[in-house]
Amino acid sequence: MPKRKLDPLPSAAFQILLALAGEDLHGYAIMRQVAQQTDGRMRLGPGTLYSSIQSLLEEKFIEELDARVDAKLGQDRRRYYRLTSAGRKLARSEAERMADLLRVARARKILRRDYV
Amino acid sequence: MSEKIYALLLCLYPSHFREGYGDSALQLLRDRARDEKGFFPKLRLWLDVLADLAISLPREYSNAHSALIAASAQQRLEGAPSFFVLEGEAPRPGALLLGGVLSLTALAAFPVLLSQVHHQARSASTSDGQQQGRFASPQQQTPQSNPEDAASQAARATTGEGNLDAAERQRVIEAAVADLKQYYMDRDAAQKMADALLAHRKRGDDDAATDGKALADLLTKQMRDVSHDMQLELAYIPEPMPASRFDALGRPLEPTPEDQARYRSAMEQSNCTFEKIETLPHNIGYLKLNSFPDLSLCQPTAAAAMASLNHADAIIFDLRDNRGGQPEMVSFMAAYLFDHPEYWYNPRENTTQQSWTQSPVPGNELADKPVYVLTSARTFSGAEQFCYDLKMLKRATLIGETTGGAAHSGVWHRIDDHFGMGIPETKPVNPYAKADWEGTGVEPDVKVKAEEALKTAENLAQSKLQKK
């Protein structure tokens, strides 16, 4: 398979990594977690979600767990995903990159109400 | 019903995706359809699905395409073309037809919907600028008329060195013209600058700028040549600025909860940048403050610091490493130095409640004590406001070096992922009827090297206290 495009890290993939930082989740739970952590601004559609999951799996930033039932959502078996240590590292370095960016933004007077 | 339609739509994806994730995608749609009942949630669900389709389909196929290229590159023989097929099956005619119709509908609908908001916000001035720009170069084809569509986003991602084409230049100039006319504090000057930008454009003066930074610097110079406003700038930011962080007018949104959490923990770890609070010999209070942090977060720390120096006979504020901060904190700290509300000049905002210090502070005994402020060339922005206002009010002796010189601040307007403008939107009224410190810095009363400032201040304070 060709190398998927995770460099630079797309925001959907980053949000998925963040969503999985807390606990192992299945696709729909990831979608809801991402919506929650972005205040509803990002609702991942099935195509984007699973295409990002596929890329993250290929690069071993997340791993797939055995399918199991989520009792809250009926009897369907669902594929769960877990953050790997490489994925955690990637998420951290992306967050640090954004923090650096934030510092630049402050220095360039981009953020309102801040002189910096 | 929804599920059947989506199952059909799934046929549009490459087979490797369908086989791997088709069931999961259908399941996700079922989950959403079950949880989101009612007309509007359903409508939103389908808008999401169509948007998702428009974004993820091209990506999936481009991934398949790059696999094809990689495979053919490995096996290509010199001069002999070869073909590889990644798909295990040919798409059915029905799927192709449906796919074509749906893709066209989605592609046509979404740019229109998305651009509605954008165009409403800046319709008048933008269309004006665009027409002039086009007239200037009729031979030029503008590949994307809608700045928000996916293709142009991708094109923009490569606006680094040497990659800037004529269309991108034109788009940035048009946006700059529109933003100037709409937001700049002085309408006449805005018009003159806009005319200058378009005149330069027409003469081809901008054609040499083939990378983002060169163009940003050039356009900034063209605007400043007319207005001499050093706060006005057009900047190129190499790191992309996602549109989601900006409002419909291109202004930055408030910091996200994550940003705030990060700032909060930084402040907790650094004692709100109150680096040192101590009493020097002869009962001189010394406070080293390295920024003016968020008042809502750091008010208790600031109040505690000032309370611990309450019985000092003189006070030294060390702002030599202070790079500025929030006006509210600047004013909060100044309040301790007066026994009545004092007018507090802030060049970044028009008159507000913050313009008066909240003096007297209950229990405070520092209002009549000698004040010394240590400065350096690194003293910046909000810290300079503290220095300037105390100097103008003759309430402090400034000791050290001339400060950095950052008085005004423009409001940032995003143009696209890499370009934006800092535009001063209001004109400050200086009550001291003289220039503030923009570009020149605040001159200290006693000029010494920054590293000698503390010693000098201690000596001055001592001799003043002994005279009493």
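This is a predicted model: local features need pLDDT of at least 70, side-chain atom pairs count only at pLDDT 80 or more; totals for chains, interfaces and linings use all residues.

Modeller: What follows describes one strand of chain B, β3(B), and the core to which it contributes. Residues are numbered from 1 along each chain as its sequence is written, while chains are lettered from A and ligands numbered from 1 in the order in which they are written.

Helices (H or I, at least four residues) and strands (E, at least two) are DSSP runs, numbered from the N terminus. In β3(B), 5 of the 6 residues are buried, so the strand is largely enclosed by the rest of the structure. Buried means that 20 or more other C-beta atoms, placed from the backbone, lie within 10 Å of the residue's own.

Strands pair if DSSP finds at least two bridges between them. β2(B), residues 274-280, runs antiparallel to β3(B) and is joined to it by 6 bridges; here B:Ile277 stands opposite B:Leu287. The two strands form a hairpin with 3 residues between them, and B:His282 in the turn has a positive phi of about 70 degrees.

β4(B) runs parallel to β3(B), with 5 bridges, and B:Lys288 has B:Asp318 as its bridge partner there. The chain passes from β3(B) through α10(B) to β4(B) in a right-handed β-α-β crossover (clockwise from the first strand over the helix to the second, with the strands pointing away from the viewer).

How values were computed:
A residue is buried if 20 or more other C-beta atoms lie within 10 Å of its own, exposed if 12 or fewer, and partly exposed in between; C-beta atoms are placed from the backbone.
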